[in-house]
Amino acid sequence: MFKVVADQTFTHTVTVMTPIDNGHRTETFKATFRLIDTDEADTFDLNTRDGTTAFLKRTIVDLGDLVGDDKQPIAYSDELRDQLLKLPHVRIGLAQAYFSAVAKDPKSKN
């Protein structure tokens with residue numbers, strides 16, 4: 001049975017490839033996203049920085065499993081979200097997590 005939900009959210013792990021000397025460090029955190037319908041998604045120009053930022057701001061509900069330099073947990077805030085959205089490698093990870101979750105084919109082995 002398919003459940004129709006007015007404001008659906010989902011939480012997935014976001015994988016970020018953080019640049020380091022001569023390579024990358026794989027880091028993860030949790031993101032809770034709002035599922036938006038295709039009509040709304042089409043209003044965002046994902047080929048531009050501003051369009052992608054607006055899309056991510058609309059779909060991100062919460063970010064978790066984040067720590068600071070002192071390894072203490074950091075609570076979610078819109079300011080924290082905006083700070084992270086300025087980092088290209090984080091933006092890529094967030095967008096990939098959202099679209100991978102939405103487009104997942106359960107028959108796929110990937």
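Read along the sequence, the chain runs β-β-α-α-β-α-α, which comes to four helices and three strands. The model is predicted. Its C-alpha trace spans about 45 × 35 × 30 Å along the principal axes. Of the 110 residues, 29% count as buried. Among contacts between residues at least 6 apart in sequence, 53% join residues at least 24 apart.

**Strand pairing**

- β1 and β2 run antiparallel and are joined by twelve bridges.
- These two strands, β1 and β2, form a hairpin with two residues between them. N22, in the turn, has a positive phi of about 60°.
- I20 stands opposite G23 of β2.
- β2 also pairs with β3, again in the antiparallel sense, over four bridges.

**Nonpolar core**

- The largest nonpolar core has 20 residues, and those that touch the most other members are V14, F29, A31, F33, I60, L63 and L94.
- Two or more core residues come from each of β1 (9–20), β2 (23–34), α2 (49–59), β3 (60–64), α3 (78–85) and α4 (88–103).
- The element that gives the most to this core is α4, with four residues.
- Nonpolar side chains tend to be buried together in soluble globular proteins.
- L63 is one of the core residues named above. Leaving aside residues up to four places away in sequence, L63 touches F29, K30, A31, Y76, R81, L84 and L94.

**Helix α2**

- The buried residues in α2 are G51, T52, T53, F55, L56 and T59.
- An α-helix has 3.6 residues a turn, so residues three or four places apart point the same way.
- The cover over the buried residues of α2 includes β2, β3, α3 and α4.

**V61 in β3**

- Where does V61 lie? V61 is in strand β3.
- Is V61 buried or partly exposed? V61 counts as partly exposed because its relative accessibility is 30%, while buried means under 20% and exposed over 50%.
- V61 and A31 are 30 residues apart in sequence, and their C-alpha atoms are 7.5 Å apart in space.
- With residues up to four places away in sequence not counted, V61 touches T9, T32, F33, R34 and Y76.
- Y76 is also among the residues that L63 touches.

**Largest pocket**

- The largest pocket holds about 430 Å³ of space.
- Its lining has 18 residues, of which E27, F29, L66, V67 and L84 are the closest to the centre.
- The lining divides into nine nonpolar, five polar and four charged residues.
- At least two lining residues come from each of β1, β2, α3 and α4.
- β2 gives the most to the lining, with four residues.
- F29 is among the residues closest to the pocket centre, and F29 is also among the core residues that touch the most other members.
- L84, another of the residues closest to the pocket centre, is touched by L63.

Conventions. Residues numbered from 1 in each chain as written. Predicted model: local features only at pLDDT ≥ 70, side-chain atom pairs only at ≥ 80, totals over all residues. Heavy atoms only, no water. Core = buried A, V, L, I, M, F, W, Y, C linked by side-chain atoms within 4.5 Å. Buried < 20%, exposed > 50% of the residue type's maximum accessible area, 1.4 Å probe, protein only. Contact = heavy atoms within 4.5 Å. Pairing = 2+ DSSP bridges. 1 Å grid on protein atoms, 1.4 Å probe; cavity = no way out; pocket = protein on both sides within 12 Å on 5 of 7 lines; lining within 4 Å. Points joined across faces, edges and corners; volume = space filled by probe spheres on them. Nonpolar A, V, L, I, M, F, W, Y, C, P; charged D, E, K, R; others polar.
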